[in-house]
Amino acid sequence: MDQHTGRLTRDGIRIHEDADFAGMHAAGRLAAEILDRTAPLVVPGVSTAELDAQITRWVEEAGATSATIGYKGYAHASCISVNHVVCHGIPGAKTLKDGDIANIDVTVIVDGWFGDTSRMFVAGKPSIKARNLMDVTHDALMRGIEAVRPGNTFGDVGFAIQAYAEAHRMSVVRDFCGHGLGRVFHAPPNVLHYGRPGTGPVLEEGMFFTIEPMVNLGRPETKVLADDWTAVTRDKSLSAQFEHSIGVTATGADIFTLSPAGLFHPTYDA
Ligand code: MF3
Ligand code: CO
Ligand code: CO
């Protein structure tokens with residue numbers, strides 16, 4: 001049965017209907033709430049497997065489904081990417097130590113709608129460099145979101161992110177991108193976190209997609225480890241990522257994954 005609503009653009013990007021925004025808000029809110037509840041558990045000594053086990057329980061308790069368990073053979077409800085891990089870190093027995101930074105990425109399905117968000121957490125007290133990296137990555141995402149409005153292009157969004165990160169002498173990862181989503185996890189377009197103004201598909205009201213820039217303190221190149229998932233910086237430099245799922249409105253962006261507790265940006269007061 002085809003559950004899809006709306007229509008496709010020439011670029012194959014789905015234009016959703018007004019009523020679809022409510023479904024995305026419910027899914028996005030649950031994903032963000034789960035990360036809010038995870039925040040106090042991110043302390044020195046906790047293993048990433050323990051964090052993932054708790055996230056798995058919360059998804060189940062909510063009556064939702066994890067989008068990542070069983071996705072292309074992935075077996076966990078979260079990706080947890082520590083320090084020089086860029087993305088797709090697999091939860092495991094390794095414990096966090098004081099000063100470690102970690103991205104936790106959760107995608108849930110609620111009534112068929114996908115909510116995908118990630119943010120940075122700190123175990124204990126981060127270094128000044130780590131803090132700057134997280135601040136710049138967060139603010140780069142928000143610059144990208146500010147460029148979202150009908151008539152702008154995806155190149156405008158990528159340019160806003162890249163210009164901000166590079167102005168702070170950091171680099172934007174090219175090997176992974178954001179994506180359309182809705183009643184599917186990954187759909188057109190590829191949302192690049194770099195680009196030239198005025199290039200790429202034109203944004204239209206009703207498009208749903210993620211913006212999820214990964215920013216490195218060193219060079220942008222990555223490699224995937226032998227587990228076929230874990231992506232790391234080639235130069236071992238620290239990497240950070242923030243991700244929101246958003247919808248394009250008549251005037252801008254509707255963020256589906258806002259943190260109900262206001263915890264999207266990490267605090268550094270440990
Ligand atoms: N949530 C990730 C994203 O932002 C995808 C994770 S796929 C997984 O698109 F299989 F690694 F979990
Ligand atoms: Co995503
Ligand atoms: Co994600």
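Predicted model: local features only at pLDDT ≥ 70, side-chain atom pairs only at ≥ 80, totals over all residues.
The cobalt ion (ligand 2) lies 3.3 Å from the cobalt ion (ligand 3), and Asp116 coordinates both.

- An octahedral label for six donors would need opposite donors over 155 degrees apart and all others between 65 and 115.
- Asp105 and Asp116 form a pair that links distant parts of the chain, eleven residues apart. Asp105 sits in strand S6 (residues 101–110). Asp116 sits in strand S7 (residues 113–122).
- Asp105 and Asp116 are both buried.

**Cobalt ion (ligand 2)**

- Four residues coordinate the cobalt ion (ligand 2): Asp116 (OD), His179 (NE2), Glu212 (OE) and Glu243 (OE). The distances are 2.0 to 2.2 Å.
- The cobalt ion (ligand 2) also has six donor atoms, and they subtend angles of 51 to 162 degrees. This arrangement is irregular because of those angles.
- The donor spacing in sequence is D-x62-H-x32-E-x30-E for the cobalt ion (ligand 2).
- Glu212 and Glu243 each lie in a loop. Glu212 is between strand S11 (208–211) and strand S12 (214–216). Glu243 is between strand S15 (239–241) and strand S16 (244–248). The pair therefore ties together parts that are 31 residues apart in sequence.
- Glu212 has 8% relative accessibility, so it counts as buried. Glu243 is buried too, at a relative accessible area of 0%.

**Largest pocket**

- The largest pocket holds about 440 Å³ of space.
- Its lining has 24 residues. Closest to the centre are Tyr71, His88, His179, His186 and Glu212.
- S6, strand S9 (178–180) and strand S10 (187–191) each give two or more residues to the lining of the largest pocket. S6 supplies the largest share, three residues.
- By type, the lining of the largest pocket has eleven nonpolar, eight polar and five charged residues.

**Second largest pocket**

- The second largest pocket has a volume of about 300 Å³.
- Its lining consists of 14 residues. Ala39, Val42, Phe121, Val122 and Thr267 are nearest the centre.
- Ten of the lining residues of the second largest pocket are nonpolar, three are polar and one is charged.

**Gln162**

- Gln162 belongs to helix H4 (residues 154–167).
- Gln162 counts as buried because its relative accessibility is 13%, and the cut-off for buried is under 20%.
- Leaving aside residues up to four places away in sequence, Gln162 touches Val172, Arg174, His193, Tyr194 and Gly195.

Notes
Residues numbered from 1 in each chain as written. Chains lettered and ligands numbered in written order. Heavy atoms only, no water. Donors = N, O, S within 2.8 Å, 3.2 Å for Na, K, Ca; no water. Helix = DSSP H or I, 4+ residues; strand = E, 2+ residues; numbered from the N terminus. Buried < 20%, exposed > 50% of the residue type's maximum accessible area, 1.4 Å probe, protein only. Tetrahedral: all angles 85-135°; square planar, octahedral: opposite > 155°, others 65-115°. 1 Å grid on protein atoms, 1.4 Å probe; cavity = no way out; pocket = protein on both sides within 12 Å on 5 of 7 lines; lining within 4 Å. Points joined across faces, edges and corners; volume = space filled by probe spheres on them. Nonpolar A, V, L, I, M, F, W, Y, C, P; charged D, E, K, R; others polar. Contact = heavy atoms within 4.5 Å.
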